Amino acid sequence: MGIVNVTPDSFSDGGLSFAAGTAVTHGLALLEQGADIVDVGGESTRPGAARPPVEEELRRVLPVVRELASAGAVVSVDTMRAEVAARALDLGARLINDVSGGLADPGMLPLMARAGTPYVVMHWRGHAAGMQANALYGDVVTDVLDELRLRIEAALEAGIAPGCLIVDPGLGSPRRPSTTGSCWADSGRCVPWATPSWSVHHASRSWATCWRTG
């Protein structure tokens, strides 16, 4: 997965692809370098970041999705908003990556159930502006897995097909360095959830992602 942050303040690239034309060029370069999926996001999840209005997120994301999808890219859109997801899917996006796991927008899970496209459900405890205040755990791995199970159950109850769910423990968000290390070291505890199997992969934003296989 190649990442295209159409934001002025993302932690991973500092806004290098904020302009739509630059973002498209970057996405096409990622394809040439072998990316299977190009993930486009218009909202920074850097700790402390303020949310853009929905109109601004749409302005940032949609032109980039349109151009990359037209070029044949498998486009993923990183958004917590159902309106952004719906518009992006209409323009050819094929996967929605929701860092809130459906908690930020009650319209997201029903939308994804209707769309029938892959949906990434991440562990989440609040928006970036206050996420570090919520990074308090007992047994961090147990707490994260228990909270993720609730999001999986909610997704399934909303009608999302099991084969469309991708589960992301969200390492580093919301987490402190010590608890991130604990989650990373014990990420194999995701494996028993699967039928028939889960595998654990590194992701571009320094996360680990549990992908359902089979």
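The chain averages a pLDDT of 79, and 71% of the residues score at least 70. The stretch to watch is residues 194–214, where pLDDT stays under 50. For that stretch the model does have 62 contacts beyond four places in sequence. Still, where pLDDT is low, the predicted coordinates should not be read in detail.

Next up, helix α3, which runs over residues 82–90. Which of its residues are buried? That would be A82, V84, A85, A88 and L89. They sit on the same side of α3, because the arc they cover around the axis is only 160 degrees.

As a reminder, side chains of opposite charge can pair when their charged atoms come close. The count for this model comes to five salt bridges, and I'll go through some of them.

E56 is the one to click on first. Its side chain meets R59 in a salt bridge at 2.7 Å, N to O, and it also meets R60, at 2.9 Å, N to O. That links E56, R59 and R60 in a network of salt bridges. How many residues apart are the partners? R59 and E56 are three apart in α2, while R60 and E56 are four apart in α2, and each spacing is about one turn of the helix. Here's the geometry behind that: an α-helix has 3.6 residues a turn, so residues three or four places apart point the same way.

Last one: helix α5, residues 140–157. There the side chains of D146 and R149 meet in a salt bridge, 3.1 Å from N to O. These two are three residues apart, again about one turn of the helix. D146 is partly exposed at 38% relative accessibility, and R149 is partly exposed too, at 34%.

That's my tour, happy to take questions.

Notes:
Residues are numbered from 1 along each chain as its sequence is written. This is a predicted model: local features need pLDDT of at least 70, side-chain atom pairs count only at pLDDT 80 or more; totals for chains, interfaces and linings use all residues. Side-chain values use heavy atoms; hydrogens and water are left out. Buried means under 20% relative accessible area, exposed over 50%, partly exposed in between (1.4 Å probe, protein chains only). The arc is that of the directions from the helix axis to the C-beta atoms. pLDDT is the predictor's confidence in each residue, from 0 to 100. Contact means heavy atoms within 4.5 Å. A salt bridge is a side-chain nitrogen of Lys or Arg within 4 Å of a carboxyl oxygen of Asp or Glu.
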